[in-house]
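Work through the exercises below with the sequence and the model open side by side, and try each task before reading its solution.

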Amino acid sequence: MESKIKLYYFDLYGRAEIIRLVLRYNNVKYEDYRMSFAEWPELKKTGIAPNDQLPFIEIDGKFYSQSVSIMRYFCQLYNQYPTNPLDILRVEGFVSYVDDILAPFRPYWAAKDEQTKQEIYNAYFEKHQPAQLLKLNSILKENEANGLFFFGKSLSIADYPALFYLSVYVFNDQRPAIVKESIAACPELIKYWETRKADFGDYFETRPKNFL
């Protein structure tokens, strides 16, 4: 019997997109509940959100939080998580690294005015992202799968954060022109993206369009 699954988050990519990706890739049926910002305070009052945080997921009437933990659960469920302790160390380090890549961008969300937001946005893509894309390109080249996966020879927990980042912050027409210049220097990343996005059918083309 299939589990009844419901994912709770805003109508954004944000912290929930890595969960959506692992669910889509593994053909898991679920309800993608995208609430408005106005709904969140009322939902929080119900007490169903663990630690009063988003995203969270409901599985057969029980609630679980933390996006990476949820992603990890499904990766373990579908044999996309290593068993060797050193391999675990490697992939968990990479998952954390992809999260760190976005650290210079996070002040964008707390900025109070549009000018400050724009300054943070421009600085990220002009100053921070180019070097990080080169590093990701290098990591791909070093993997044994000829640039097709970030770890091992099949899709794993390492790939979902990478695909989230590439789909939202790189291969996205809403991003500034300099991103195309930065990614042009990363042929392994381009090949990786073109190969892996096909695994998700039309997901990237048909998912709700958000800015971030």
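Predicted model: local features only at pLDDT ≥ 70, side-chain atom pairs only at ≥ 80, totals over all residues.

Residues are numbered from 1 along each chain as its sequence is written, and side-chain values use heavy atoms, with hydrogens and water left out.

**Exercise 1.** Describe the largest pocket and its lining.

*Solution.* Begin with the term: on a 1 Å grid over the protein atoms alone, a pocket is an open set of points where a 1.4 Å probe fits, with protein on both sides within 12 Å along at least five of seven lines, and lining residues have an atom within 4 Å of a point. The volume, which is the space filled by probe spheres set on the points, is about 450 Å³ for the largest pocket. Next, among its 22 lining residues, Gly-14, Arg-15, Leu-102, Arg-106 and Phe-164 are the closest to the centre. Finally, the lining comprises 16 nonpolar, 3 polar and 3 charged residues, where Ala, Val, Leu, Ile, Met, Phe, Trp, Tyr, Cys and Pro count as nonpolar, Asp, Glu, Lys and Arg as charged, and the others, Gly among them, as polar.

**Exercise 2.** Do likewise for the second largest pocket.

*Solution.* Its space is about 260 Å³. Of the 13 residues lining the second largest pocket, Ser-167, Phe-171, Asn-172, Phe-204 and Lys-209 lie nearest its centre. By class, this lining has 4 nonpolar, 4 polar and 5 charged residues.

**Exercise 3.** How many disulfides does the whole structure hold?

*Solution.* Taking a disulfide as a pair of cysteine sulfur atoms within 2.5 Å, the search finds 0.
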